[in-house]
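Q: Can we go through this model together? I have a few quick things to ask.

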Amino acid sequence: MRTRSKLMSQVAVILAAAVVCTAGCSKAKEPVKEAPKEPAKEAPKEPAKEAAKDQVEVFSWWTGAGEQEGLDAMIADFKSKNPSIELVNAAVSGGAGTNAKAILANRLQAGTPPDSYQRHAGLELADDIKAGKVEDLTKLYEAQGWKDKLPKGLLEAITIDGKIYSVPVNIHRANLIWFQPKTLGALGIAGPPKTWKEFMTQAATIKAKGKTALAIGPQWTQKHLLETVLLGELGPDTYTGLWNGKTDWKSKEVIAALDMFKQVLAVSDIKSSAADWQPAADRVIDGTAVYTVMGDWLDGYWGRAKKLAFKTDYDVAPSPGSTGVYDFLSDSFTLPVGAKHRAAAEKWLIECGSVAGQDLFNPQKGSVPARTDADKSKYQGYLATALKDWQDPTTKIVGSLAHGVVANNALSSEIDTALGIFVESRDSAGFAAAVAKAYAATK
Ligand code: GAL
């Protein structure tokens, strides 16, 4: 299983090699190359020179509208506090890290890691910890007093054997359905659907009026939709059971939820969709599609990058069937073993873990701070409700599949393969059997 997924990520690396960083980020691909100098006679001193330079290479996938602004805000603060350190922004484009993760895997394998890289808290990070790719940050946590500034559950997602391995910058919510109030009004739809069944009823009305019910993007957005349909149809406990072995993937209940996913796909624009999550969201704003299911980075895109007004230009609700549930994910930064600029990387991590850094990053990014002592007044509009829901003790918290919390990389990549087939075949039982098998094999 692992061999197969390794192979797949290598294929992905080759495909991703063509991807060039968009404006605002430096090229991520050159770290190993030193431009060959013509004299070529001098003693090979480059590595020492390189290590002496005060620099930090930060690796993420935040290059797109809404995401880049958040990163830039934190980078600007870092630069003002560390004027002698050159920050190399090695972000690689592609939502949810589609390209970045493959390039990173290659660099980790080659032993040429960036100085700090983005990893989702949860099983995605656990893979790196187990493989010895990232340093234990417990001392940094102690020095910075971070331990009691982060929610316990989140700390657990980045801890193994009592050691803490990354610095979370945010909390995102995945189970959200977004729309324009004026589109619903024009269609005579009273409000966003509370269940997927109601969504399907609305979809019939929407289709009759010549619009698409659901805008969707590339495969990771389909996986994101899958997790929200499973959550909405199964409820939080049975959904969580899919990841801890308590829910049988081949049960009638799960097959029925997958059948619902099929129906939802059938009223989406999956046939013509391409590009990334922002173009899918654009179709909701231009009115050709009515809804899109996406994480709250969409609030950063619409609310900040596009300057649309929350509630009037756009609105959001929990994805059908998931009121009171927070399907969470968290972006965190690491200190890889073998980082060339270790001290500067620690400074970057201090920025990520600081109240100032988080309060600059998150309002732009459309996420709430990981720290519990951040300045609440900075979180307005959608983010004020997100923060309230996240901190509400009655909210049920579950982890995201598409964004690294509940599935390790081997299982996640098997699900990608099975999902690609499912989207073509629409064979729910076949998909369930494939995932059940992959789950057992990758435990
Ligand atoms: C997620 C990531 C978010 C956001 C999203 C879309 O995996 O955690 O911060 O960037 O992908 O790119």
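Q: Which residues of helix 13 are buried?
A: W297, L298, D299, G300, Y301, W302 and G303 are buried in helix 13. Bear in mind that this is a predicted model.

Q: How many of the helix's residues is that, and where does helix 13 run?
A: Helix 13 covers residues 297-305, and seven of the nine residues are buried, so the helix is largely enclosed by the rest of the structure.

Q: Switching to the ligand. How many residues surround it, and which are the closest?
A: The ligand is surrounded by 14 residues. E67, H120, D331, K365 and H403 are the closest.

Q: What is the shell made of, by class?
A: Seven residues of the shell are nonpolar, four are polar and three are charged.

Q: How far is a polar side-chain atom of E67 from an oxygen atom of the ligand?
A: The distance is 2.4 Å for E67. For K365, a polar side-chain atom lies 2.6 Å from an oxygen atom of the ligand.

Q: Salt bridges next. How many are there in the whole structure?
A: A search of the whole structure gives 18 salt bridges.

Q: Which residue does D237 pair with, and how far apart are the closest N and O atoms?
A: D237 forms a salt bridge with K396, with the closest N and O atoms 3.0 Å apart. D237 sits in helix 10 (residues 219-244) and K396 in strand 15 (residues 396-399), so the pair ties together parts that are 159 residues apart in sequence.

Q: Are those two residues buried or exposed?
A: D237 is exposed, at a relative accessible area of 54%. K396 counts as partly exposed, with 39% relative accessibility.

Q: What about E142 and K147?
A: Their side chains meet in a salt bridge at 4.0 Å, N to O. E142 is exposed, its relative accessible area being 52%, while K147 is partly exposed at 39% relative accessibility.

Q: Which residue does D373 bridge to?
A: D373 forms a salt bridge with R371, and the closest N and O atoms are 2.8 Å apart. R371 is buried, with a relative accessible area of 10%. D373 is partly exposed, with 32%.

Q: Which residues are linked in a network of salt bridges?
A: E135, R342 and E346 are linked in one.

Q: Last topic, strand 7. Which way do its residues point?
A: Strand 7 spans residues 170-173. N170 and H172 point one way, I171 and R173 point the other way, and all are buried.

Q: In what sense does strand 7 pair with strand 14?
A: The pairing with strand 14 (residues 368-369) is antiparallel, over two bridges. N170 has P369 as its bridge partner in strand 14.

Q: And how does it pair with strand 12?
A: Strand 7 and strand 12 (residues 325-329) pair in the antiparallel sense, over two bridges. In strand 12, F328 stands opposite R173.

Methods:
Residues numbered from 1 in each chain as written. Predicted model: local features only at pLDDT ≥ 70, side-chain atom pairs only at ≥ 80, totals over all residues. Heavy atoms only, no water. Near = heavy atom within 4 Å. Polar contact = N/O pair within 3.5 Å; in protein donor to acceptor, adjacent residues only side chain to side chain. Nonpolar A, V, L, I, M, F, W, Y, C, P; charged D, E, K, R; others polar. Buried < 20%, exposed > 50% of the residue type's maximum accessible area, 1.4 Å probe, protein only. Helix = DSSP H or I, 4+ residues; strand = E, 2+ residues; numbered from the N terminus. Pairing = 2+ DSSP bridges.
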